[in-house]
Amino acid sequence: MLEKYDVIVDEMEAKLRPPTIGMKPYTPKVIPLITGEDLLVREATREELCLILDTIEPLMKQPKDYYDIVAARIYTEVLGMLRYRVQDEYCFVGAIDGEIAGIVNGRLVNERVGMSYHTLTLKRGVRVGAQLFAAKMEYHFDFMNQDEVFIVAESPNGFRRWMIEYELESRPNSPHELGGVPTYVLTRALWEKHKANKNVGIRPAFEDVVEANQVLRAPAKISV
């Protein structure tokens, strides 16, 4: 699936690719859901990015709950990652028995500051999005040891989940990469205050759950 995105890394292409400050791997974890299902949270591999793009694309025309703008933007961000045009970007998936239940992404601005991009929930009603958002904050603070993460919301639901529930610090004079939406920041102090209630999961991940999610597939039906 990657063939159409593969290019010869000549001298000019090498100049176009951004530098890296070095990203640590994210250790997978299992989150038991209220349905009795096990959600595996893990990094998406480069080989899975095309599948993720195909999964996102139909939602770009779904206006309900602002799925259209979120899907359109995360599509370009994942494509930028695939094309090596975004510095230090990560993409995590939440999967249940191989089916993608949610996608989150972001990047490292520098060693101390992170930039949260998007949270896209494909299985609603069981807090998949909330769990994945917490997982990426865990990555910034507990894996990459960063000091703060810039965050914006593009839907009322996102504002309730992130800005209100995490008591985010308003930072209107610090522009987020996504544009003019008001910027908020999760500081290390706020993360330490909320992570016990927000960031759950079991490590090491159960071997049978890891095995069940080695090969991903798009949901048969996405209910938004």
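Which residue of β3 is the bridge partner of V41? The bridge partner of V41 in β3 is G94.

## Basis of the description

The model is predicted, with local features requiring pLDDT of at least 70 and side-chain atom pairs counting only at pLDDT 80 or more, while totals for chains, interfaces and linings use all residues. Residues are numbered from 1 along each chain as its sequence is written, and side-chain values use heavy atoms, leaving out hydrogens and water.

Helices (H or I, at least four residues) and strands (E, at least two) are DSSP runs, numbered from the N terminus. Two strands are treated as paired if DSSP finds at least two bridges between them.

## The sheet and its order

Eight strands form an open sheet of mixed pairing, in the order β1-β2-β3-β4-β5-β6-β8-β7. Its edge strands are β1 and β7 (169-170), each of which pairs on one side only. Strands of a sheet pair through backbone hydrogen bonds, either parallel or antiparallel.

Strand β1 (residues 29-32) pairs with strand β2 (residues 38-43) in the antiparallel sense over four bridges. P32 has D38 of β2 as its bridge partner. Five residues lie between the strands of this hairpin, and G36 there takes a positive phi near 90 degrees. On its way across the sheet, the pairing continues with β2 and strand β3 (residues 89-96), which are antiparallel over four bridges.

β3 and β4 run antiparallel and are joined by eight bridges. Along this pairing, V93 stands opposite I103 in β4, and the bridge partner of I96 in β4 is E99. The hairpin of β3 and β4 has two residues between the strands, and D97 takes a positive phi near 50 degrees.

β4 also pairs with β5, in the antiparallel sense over seven bridges. These two strands form a hairpin with four residues between them, and L108 stands opposite G114 in β5. Nine of the 10 residues of β4 are buried, where buried means under 20% relative accessible area, exposed over 50% and partly exposed in between (1.4 Å probe, protein chains only).

## Nonpolar cores

A nonpolar core is a set of buried Ala, Val, Leu, Ile, Met, Phe, Trp, Tyr and Cys residues joined through side-chain atoms within 4.5 Å. The largest one holds 25 residues, of which I52, I56, V78, I103 and L120 touch the most other members. α2 (49-56), α3 (67-82), β3 and β4 (99-108) each supply at least two residues of this core. Its largest share, eight residues, comes from α3. Apart from it lies another core, of 18 residues, among them Y26, I31, A101 and L108.

I103 touches residues including I52, I56, C91, V93, L120 and L132, not counting residues up to four places away in sequence; contact here means heavy atoms within 4.5 Å. α2 lies across β3, β4 and β5 (113-121), running at about 110 degrees to β4. The axes behind this angle are lines fitted to C-alpha atoms, for helices over the stretch in contact, and angles run from 0 to 180 degrees between N-to-C directions.

α4 is mostly covered, with 15 of its 16 residues buried. At 1.5 Å a residue, these 16 residues should span 22 Å, which agrees with the 21 Å between its end C-alpha atoms; the expected span is 1.5 Å times one less than the number of residues. N145, which follows α4, has a positive phi near 55 degrees.

Q146 is found in the loop between α4 (128-143) and β6 (148-151). Q146 counts as buried because its relative accessible area is 1%. Leaving aside neighbours within four places in sequence, its contacts include L108, E111, G114, F141 and R188. The side chain of Q146 reaches the backbone oxygen of N110 at 2.8 Å and that of V113 at 2.9 Å.

E13 lies in helix α1 (residues 11-16) and counts as buried because its relative accessibility is 10%. The side chains of E13 and R85 are joined by a polar contact of 3.0 Å. A polar contact is a pair of N or O atoms within 3.5 Å; within protein, one must be able to donate a hydrogen and the other to accept it, and residues adjacent in sequence count only if both atoms are side-chain atoms.
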